[in-house]
Structure formats: C-alpha cells, structure tokens
Amino acid sequence: MFQTITEMAINIYGFSGKSKHRKCTECGSLFSTISNLRKHVRQKHPGKLEEVAPLIYKNKNNFKFSCEICDKNFNHERYFRFHMKSHVKPDDNIKEETGNKPSKKCPICSILLPSAAEILGHFFQEHDITISTTEMEFTSIYEFEEWLRKMEKSTQSKFVKKGTKTSRKHVKTSYFCHRSGHYSPTGNGLRCTKMKGSVKINGYCPASIKLLQLNDGVCQVHFIETHVGHSSDTNLEYLYLSKDEKQKIAAQIADNIPFDDILQGVENSMSDVALERIHLLKRKDLYNISRCFNLASGSIKYSSDALNIENWVNEMRRGNNCVLFYKPQGSVLTEKGLENKDFVLIIMTLAQCELFKKYSGGYICVDHTHGRNSQNLELHTIFIKDDANECFPCAFCISNRADKVVMLLFFSHIKEQAGIVLPKVFMSDIEDSYFEAWKEIMGDPGKWHFSSWHLELTWQSNLNEITSEELQVLIYNQLRNLQEEENSEVFQTKINDFCELICNNSETKEFAKFFIDNFLKSYKSWANSYKTPTEIKSNIHLEQMHDAIKYIYLDENHSKSLEESLSAIMFLVRDKFTDKLALINEGKLWQPEDIVSRHKASLFLDPNSVIPSEDGWKVPYEKNNTMCFIQEINPECTCHLNCSYCNICIHKYCCSCVDSTIKWNICKHIHLLVSWMKGEDSDDGTLENSDEDLEENNEVIIIHTDGLENNGRVEVIVKKPSKRTLVTLLNEEKEELKKQFCSLVNSIDTTTQLEKVKKMMSPIYQCCNTKELSKKRMIRKRNVK
C-alpha cells in the first residue's frame, strides 16, 4: 500500500518524484512525459497499456475533489471551485458520452443541448417547430440597414450585434434576437424586478442574421426569421426606442419644445390598430434622452391654432369615425324632439367602445359638467370602472340641453355602437332624466345610486336658504351622519328623528319639504348602509374622475371655447388610454414594494382582532377607533398583481380603509385577515375538544412520551384546574368587573361623556360575539365545500 502518489509513481514507472524521465518496464526506454510513454506502449507493447503506464492521476481515490462532469481531479478546493464555474449543469436527457459542454437551453422544455444545430433539430422533432431561413443579397450596407429597420418595425423585434470577424475576402457580422439568452441580475438586489420581468427569456431563440460584407460592397445575408419562446404580440413591452426615434425626440427637446407637448404629439399619432413602442413614451424616457444627448433642460411654450369644429367633425368621419352623431345649431331638424337652436355632438372612439363592452357590466356613471365653455354647453360623460380600479370615460355628449330627449338620443347611439348593457349599479345625479332614459333604451339596471358630489352640491345649495348659520351646520352634520351610517336599522331610526326635527322647526320647513320630496323615498340610493364597500369605493373613484375633468382638463378658472373644450376631453381620453397601456405593457403604475411594506406592517397587528360578520370581516382601524369592513369580491382572480407571501391578488378582497379604497393597495388589514384565516384553517379542534375527554373533577393529566418508560425516566405530570375551579374564578372576575363598570357609569355627569362610553362599548359587544360568528362561518365553509 502506497502512502503518496509519488511512491506509486516510483514503483510503477521506476523514477523519483523529481525526475523528468518515465521508464518503460518492458524494454527500458525512457520518456519525458506519461503521454509519450503511453503512446510507446500502444505501438510496441499492445495489450499492456494499463499494466505498464496506468493513468494514476485519473484515480479519484487519490484526490480530495473530483469533477463529476469531466472526471478531472483536484487536491486544492480553490482550483476545484474555479473549474466548476466553467460547467453548466447538464440535463438528464443529455448523453454524457458527448463530452461537450451544454450551452443552448430550450425555452419551452428547458432541456440543455451543446450546439445550435442540435437545438434546432430538437425544435423540429420534439415541438414540431419549423425553422424558416432566407438567403438575401443587397448591393450595399445602407440597403441592408434599411431592410433591417423595416423588418424590426413590422415584426416588433430587435436584433443586436454580437460580433464581427474580418478576413481578406469579407467581413462577417452576427446579429441575434435581443430576447435570447439568460437573465443575469446585477447590483445588490435592493430594487424589485418589474412586473413584466426580464427582457431575456432564459433560453435560446434561433432568430438570427449572418451578414457577409464582401470587398466589392455586396452584402450576403442568411436570415433565420423564426422566433421561439416569445411572440410578436408580447414583444412590444420589451422593445427599446430605435436610434431614429431617439434622434427625432432629441431634436424636439433641442428646439425647447415642452415635454408635455412632445408627449401630446406622440399620443395624437396613436392608432387604434397599429400600436408601436413610441406610443409608450413616458416623461422618464424624455429625461433619459435629454441626458444621453447632453441637452439643456430649459424649454419654452408654444401655441397652435385651434381647429374649427366643423372641420374636426368632417376629418373624424373620414378617419376613425369617432363621431356618432352631430347636429350644429341652426341646422335642419333631423331628430325627433330637437329644435333648430339645439346643439348635439356625441363622441365615442373604437378604443372607448371596446372598454365599454368589456367593463360595463359592473358600474356605470353618467355625469354632467356645465359652465366650462363660452357657449354654456353641457358635457355629459359615461364612465366605467376597469379591472385596475381606474375610471375611464367611454362616451361624451356635448349639448345645450340635459333633458330626457337628448339623453334618449345619446343612449340610443351608444346602444347601436356597443349593444345592450345591463350594469349592476347605475350612478347619476338626483334628476331622473338620466335613469329614465337609460331604463327605456337599455333596460332596468340592478341599482340606482346618486353620485356623492352632486348630492353634496344639492344639499349645500338648499341649506343656504336657512337663515341661521348655526342651524345650517347642524342640519348638514346630521345629513352627513345619515349618509355615512353603516347599520340599516340605526339609519331608519335616525332618519325618522331627522324628519321630525326639520318638520317641527319653522326655519327648516322649506328644506323639510325639499328633503321629503327628493330623498326620503329614495334613501337606498344615497345611504351607505344600503351599499356594499365596493360600491362606496367606486363612488370615490368616480368623483375623482369628475374633479379631474372639471378642474384640470376643462380648467376651472378659464372659460374655454368649444374647440378648446373638445380638444381637452380628447386629451383626457388619450391620457387615460396611455395610462392603461402602460399598466398592461410596462407595469409601472403599480409598485410591488407597497404590498410588501403592507405585509410587513400586518405582522405587528393582532390576528385575534379579526371579527367575522354576515357579509365579510371587521378589523379595528387604529387611526379613529372604528372598524374597517373587508369583503371578498373576486375569489377566482389569479392575476400577477399579488402578494407572494399571502398568495392573494389585489382584486380578491376590498377594505373600507383609505389604503385600499383610494390608493388601490392590498392594505395591512387584508394581510391580517389572510393570516387569521390560515390560522383558523390549521386549527383541527383538538384544544376545544380536549376538555370533553376528561372527567369533570379530573385535575391531573399524565403525558406519556415514546421511549421514556424503557429508559427508566419519570413521566411528566401536569396539574390542571378542574372545570369547577375555572367557573368560580370566572364568576369572581365578572363580579369585580361589574363593580368597576358601575362605578364608571355612576361617574358620568354629561351627555357627551355618555355618548363616548356608548361608542366605546360598541366594539366590546362585537368582540364578545367573535367565537359564535367564527363557528357559523366555519360551518358555512364546510357546507359550501
């Protein structure tokens, strides 16, 4: 038995460890290397290779580290680690006898193959994908570059230059699909990856271009046009602005054109059919281009002449025809009920129509804005709420009238364009012209709600008729209290008391008549106690859209002309549509860091504070000592806007807190609810049934552990108080609590203190009923399953 490799070499080869000669034991010849000795043995002494010159360095038992891929052996860990980095982990389907390092990964089945030729054959044999190739020839490099630009634009792809080889006869250049390859993260991992993910598909895309530029200028091209692992429909979000597009934008920035005007110009060129990467241009892209071209940040404003409304309508009718109906003032009467002095313009683009068809089954709001143009025309807008919880304007009607005749005309043209629509909730102001016209054209919707902003305006205008300012404030506060009351039974009591109050006061009799005629019978249309949290949440977002149109796009402090107002609402559509595209293609309107931070914040909350209710759950809201209401609205949604820890998406639950209602986020209360539900599902009832298996007076529990008796150990004995003892202790604590509570009630001197105590008692009653409601909910879940 040899202790070292040197001893083995001396015995086998007949040389010392420091000698440079290897000796053949058959004929005595000397050689400088083992490979020369082995070559000699193969030629002169065949059949005795392993006996005369064995490869002792291939014996794994003589080394500390061995490579399982190429059978190389190492004694130093540093060299072994460096060697292993040169390998890619092979797939089980790769034959080990090939000896080649696998470098091409299939993006469909993730198999690794050593060469491009083998993976092209794999695409055809395993996935039935035919690779299309084309041979072309161009007279010059400029002709080739022009073809490359057009091809990339038509196929929504990008080819990047990988390398160039120069020889005497030609210059060879290789281009590959920019999505081919593997994602290699850089940095310290502090930034979250975008929702769309990396540009790389983590696989091999065969699309490529081989360019041979001959000495006479002729370009020969071998083009593989088949893409694998991605499609042209999803490539748009992963493309970059082309060099020509960047230069064009840089020229505009150099001319001191404002960024807003550049963005508006890009949005004006947007088509409903062909969408290009330039249409996803953002302000951040402008700053990046300005920095790359070293341009100054200053800019000057410029103005352009407004188009005449007649020319605009004619142009739209020749183009995408977004004008559904147009009747100018003074024209011949063409529709029933319209006079010669009436003006009606109905607008709905193809993109608006598609969104209206897709999302009109939920919430529809018909709103009007008046006094924002010099002709005193009113703007009527139909809003919908999409899956991103954003409000989108889907149709416009500009007219000098707001009665049922114009609304019938408006809704009839919408019906011709988009078909019959039956929403769950129809929202408008307190005037019944919108609702009656919609019901006559489309059918009776599920619910009719008053828009909160028009309700507020109507109350304020009629409260001004009350002479006493203190009485105005009192009546207004009670109206708001009625609207925000969540309990329907309490609401009925409060509204009866309110009607009695305003009817018995001589100063509020006129307001009482107005309130009873317009709001008493229709209380379900404006009281929150008859609305779900989702419906209240939608009302808030629709109000934000109303304010954006009224105070931003139509400019509160400026009376616009009709042409300016029309241009403003079209800018609104472009902005909303661009934001929608950005959310779909780039995912920049939603930040995953927000959901992660809310999940971390929920870890500091108590899961036992969750209280089940009939329609959802209640969680204490720490800011104003109230309860947040959580409701499950879309349990089957599996979108990518989710929390990876809780495994829920942003559409599954909604909470009445500001973070969920306004900011559209998975708030910490929803994270807390999910944690509580996971704990509830994991409870198997052992703790609840443990007392039933014991006798009533049993005070000792013996815990047996496997193997303790065989080892001679003493069993663990835990004393447990009997049920009688527990009941006695409970009664004593209840008596003590009664004394403290009676002392507190006796110390109350004013009505204000009494109201505060009542308010504090409300969540206590709910907490006491938690166990009962939890059992009912568990029974309901089992019955459903």
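I checked strand β12 (residues 323-327) for burial: 5 of its 5 residues are buried, so the rest of the structure largely encloses it. I took buried as under 20% relative accessible area, exposed as over 50%, and partly exposed as in between (1.4 Å probe, protein chains only). Strands here are DSSP runs of E with at least two residues, helices are runs of H or I with at least four, and both are numbered from the N terminus.

This is a predicted model, where local features need pLDDT of at least 70, side-chain atom pairs count only at pLDDT 80 or more, and totals for chains, interfaces and linings use all residues. Residues are numbered from 1 along each chain as its sequence is written, and side-chain values use heavy atoms, without hydrogens and water.

Next I looked up the partner of β12. Strand β13 (residues 344-347) runs antiparallel to it, joined by 4 bridges; pairing requires at least two DSSP bridges. I found V323 opposite I347.

Then I turned to salt bridges (a Lys or Arg side-chain nitrogen within 4 Å of an Asp or Glu carboxyl oxygen). I counted 16.

I noted K48 with E26, closest N and O atoms 3.4 Å apart. K48 sits in the loop between α2 and α3 and E26 in the loop between β1 and β2, so the pair ties together parts 22 residues apart in sequence.

I noted D260 with R283 at 2.1 Å, N to O. The pair links helix α8 to helix α9, 23 residues apart. D260 is partly exposed at 42%, and R283 is partly exposed at 33%.

Last, I logged a salt-bridge network of E146, R149 and D244.
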